[in-house]
Amino acid sequence: MVTLADSGVYLVNGAELILDGPDAQEALAAKTGRCVGKEEAAKSTIAYGILESHNTSGNMDRLKIKFDKLTSHDITFVGIIQTARASGLTKFPIPYVLTNCHNSLCAVGGTINEDDHMFGLTCAKKYGGVYVPPHQAVIHQFAREMMAGGGKMILGSDSHTRYGALGTMAMGEGGPELVKQLLNQTYDIGMPGVVCVYLKGKPEKGVGPQDVALAIIGAVFANGYVKNKVMEFVGPGVAGLSADFRIGIDVMTTETTCLSSIWQTDGEIKDFYEIHGRSEEYRELAPGAVAYYDGLIEVDLSKVKPMIAMPFHPSNTYTIEELNANLTDILADVEKRAAVSLDNAVPYSLRDKVRDGRFYVDQGIIAGCAGGGFENICAAADILKGKDIGSDGFTLSVYPASMPVYMELIKNGCAATILETGAVMKTAFCGPCFGAGDTPANNAFSIRHSTRNFPNREGSKLQNGQISSVALMDARSIAATAANKGLLTPATDFDGPIGKYKYHFDKNIYQNRVFDSHGVADPSVEIQFGPNIKDWPAMVALPQNLVLRVVSEIHDPVTTTDELIPSGETSSYRSNPLGLAEFTLSRKDPAYVGLAKDIQKAQQAVMEGTCPVEAKPELKAVMDAIHAQYPDAGKGNIGFGSTIFAVKPGDGSAREQAASCQKVLGGWANIANEYATKRYRSNLINWGMLPFLIPAGELPFRNLDYLFFPDIRRAVEEKASEIKGYTVTAEGLKEFFVTLGELTDEERQIILKGCLINYNRVE
């Protein structure tokens, strides 16, 4: 089904693979009549060409990328624009689309959500952007329909910003990276590795894009095979996939922890652009005659079976057939994993879902940027035709990804087919992906064609004793399960026809409702604020010496951004930095906020010119221990704050608030064995936090310990390869070392200034 090579690979004429090794050059010469070195062949990937055309540094080892377009949704664009405004923003320099698909219910927190929307609309007018009102489209579907272009690059503030199937290299990053683009700065990275995803064969009936995506994620997530690399999809299997099918695989590449994705393009993609009235945006993309890749993922599409990603991660994958054949063992393993993920906070069982040896689920959802596509819903309608979902506890909700898709489903009858079963059709909304829509009952099990199934991602709250869980599946198998009233069923068991429906895009829907400034700013427009929209609090520069208290210690193999700052109920406070910060680590470590605020008192005293020891008396013993070895560390050259330790933090969402909430509570650093994603590490840096690394093994400190980093500012300035720190103990200072990993000069300056806002601030 999916195999990984343990070496690089040459791709010849887009079709033949030659693994790197002692005989590779001989094989290449036999095929091409010449020897082709890795360095030359690496320049023939699609990814290299696109990155080169957007790089402004003149050095392909150190890229400084300027994107063609930007996109954000309504729980990120307020903070981004507020940050850019503080740095002197007067006009959006490139097209910037503001969608409203996360807080679109406007049902939590009074006027908060709609206030954010009006903020977005008035900013689109003032600065020259595009505003997509609630319920019109989810962020990524609008981008596919109206923004993508062959050979282009798009930066989004949502982690699933992936339009590679359409020939667009897109990346999801935290808000500060978009701020940099709005301020005419660049996205700075080293040249990423490029991994070949070689598709061959053709999927059997009933297998959908989510099945292929989950098979790939299951093969590459744990081993980090594509971490921070570009996945390039090529091979003869691509031609047999529709545009929608490719899009469905592509959007899920985020869950592999890759940096971005790109696909070879052909007539299917050309037709996609023509259907959407943007034929001029099509560009044929293909690797050169000989292209070298840093790795190979070979996917035999004909061998992919209907898949299920069990709680609590998209990589926890099985075939549905395998699960049904081994229910007792697999469900017991999931429960064992859950005990770790949930810290045994609540009882959790799946084996009570087994009745007469069969597994029954409680809810089905087909939604969002992954599941809400036209072909997915049409296929689900065909499988459900003439059936019903029953009048018991099982429910099914379907969310088309945009209003044009919804309209076409109405016109072709698929919407009526679905509604007749007892299922519910809803408008474009991302809520089921992050815990703000269709929250199941306590102990219920939901199957979803969406993007993630992290703990609490469906809306349960451990702190209230509530738990439910999500498995990821393809829309086709969800429909087959719904047709069997909740009995877990792979779509390959369906023996009826699944049709191929022609799609017609109605552009009038957007023309009638979407505000498009066409890039013309109107400075006279007054921005409309709401009482929940707050400015960022003042942040100070990195001091010469730093005292940190460890206020959370997390030893889970991976810590997600959902655990660092929960989604769902917190989304209404994304425009209120201090209000949102109250939720930091609330589901993982409820003591964090109080402990962080407690040590923050000392830093506040420093800022006010008073004595930090008076604000936090226990610091006297800490400072006495420090002064015994560093007598000059004190007034005017020292700062106080908090840090957390996590083994591998930052998997999941691009949300900058996973870092900024720590910062506004006085956080100065994270300490980790590694960072799960580039985007989380970038968020730490952009908020002026030190992304410390410490080797795996026994920690030299524990939770609630005080740490001292002498001359930390100088270490950052002088690019120290190793940084000395101390654990403050009753016996004195206990030495240990950390590193910062690779930092650009600009990133060092951001950390030294205290955050990106300070770095760019116009006084």
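Let's start inside the protein. The largest cavity is lined by 23 residues. Those nearest its centre are His73, His102, Asp158, Phe434 and Arg457. A cavity here is a set of points on a 1 Å grid over the protein atoms alone, where a 1.4 Å probe fits but cannot get out. Lining residues have an atom within 4 Å of a point.

A word on the source. This is a predicted model, where local features need pLDDT of at least 70, side-chain atom pairs count only at pLDDT 80 or more, and totals for chains, interfaces and linings use all residues. Residues are numbered from 1 along each chain as its sequence is written, and side-chain values use heavy atoms, with hydrogens and water left out.

Back to that cavity. Its volume is about 200 Å³, taking volume as the space filled by probe spheres set on the grid points, which are joined across faces, edges and corners. Helix H6 (139-146), helix H13 (368-371) and helix H17 (431-434) each give two or more residues to the lining. Helices are DSSP runs of H or I, at least four residues, strands are runs of E, at least two, and both are numbered from the N terminus. By class, the lining has seven nonpolar, 11 polar and five charged residues. Nonpolar covers Ala, Val, Leu, Ile, Met, Phe, Trp, Tyr, Cys and Pro; charged covers Asp, Glu, Lys and Arg; the others, Gly among them, are polar.

How many cavities of 30 Å³ or more does the structure hold? Seven.

Next, the largest pocket. A pocket is an open set of points with protein on both sides within 12 Å along at least five of seven lines. This one holds about 640 Å³ of space. It has 28 lining residues, with Ile189, Gly190, Lys678, Arg681 and Glu742 nearest the centre. Which elements each supply at least two residues of the pocket lining? Strands S4 (62-65) and S10 (187-190), and helices H26 (678-686) and H28 (745-753). H26 gives the largest share, four residues. The classes are nine nonpolar, eight polar and 11 charged.

Now helix H4, residues 77-86. Eight of its 10 residues are buried, so H4 is largely enclosed by the rest of the structure. Buried means under 20% relative accessible area, exposed over 50%, partly exposed in between, with a 1.4 Å probe and protein chains only. The buried residues pack against strands S5 (69-72) and S6 (96-99), and helices H5 (112-127), H7 (175-182) and H29 (756-760). Just after H4, Gly88 has a positive phi of about 100°.

Within H4 sits Gln82. Its relative accessible area is 5%. Beyond its neighbours within four places in sequence, Gln82 contacts Phe119, Phe529, Ile533, Lys534 and Asp535. Contact means heavy atoms within 4.5 Å.

Another glutamine, Gln662, lies in helix H25 (residues 657-664). Gln662 is buried at 1% relative accessibility. Residues up to four places away aside, its contacts include Leu564, Tyr592, Asn670 and Met689.

Last, a helix pair. H9 (residues 243-251) and H10 (residues 267-275) pack at about 100°, with axes 9 Å apart. That makes H9 roughly perpendicular to H10. Ala243, Arg246 and Ile247 of H9 meet Glu268, Ile269 and Phe272 of H10. That contact has four nonpolar, no polar and two charged residues.

Definitions and conventions: Axes fitted to C-alpha atoms, helices over the stretch in contact; angles between N-to-C directions. Parallel < 35°, antiparallel > 145°, perpendicular 65-115°, else oblique.
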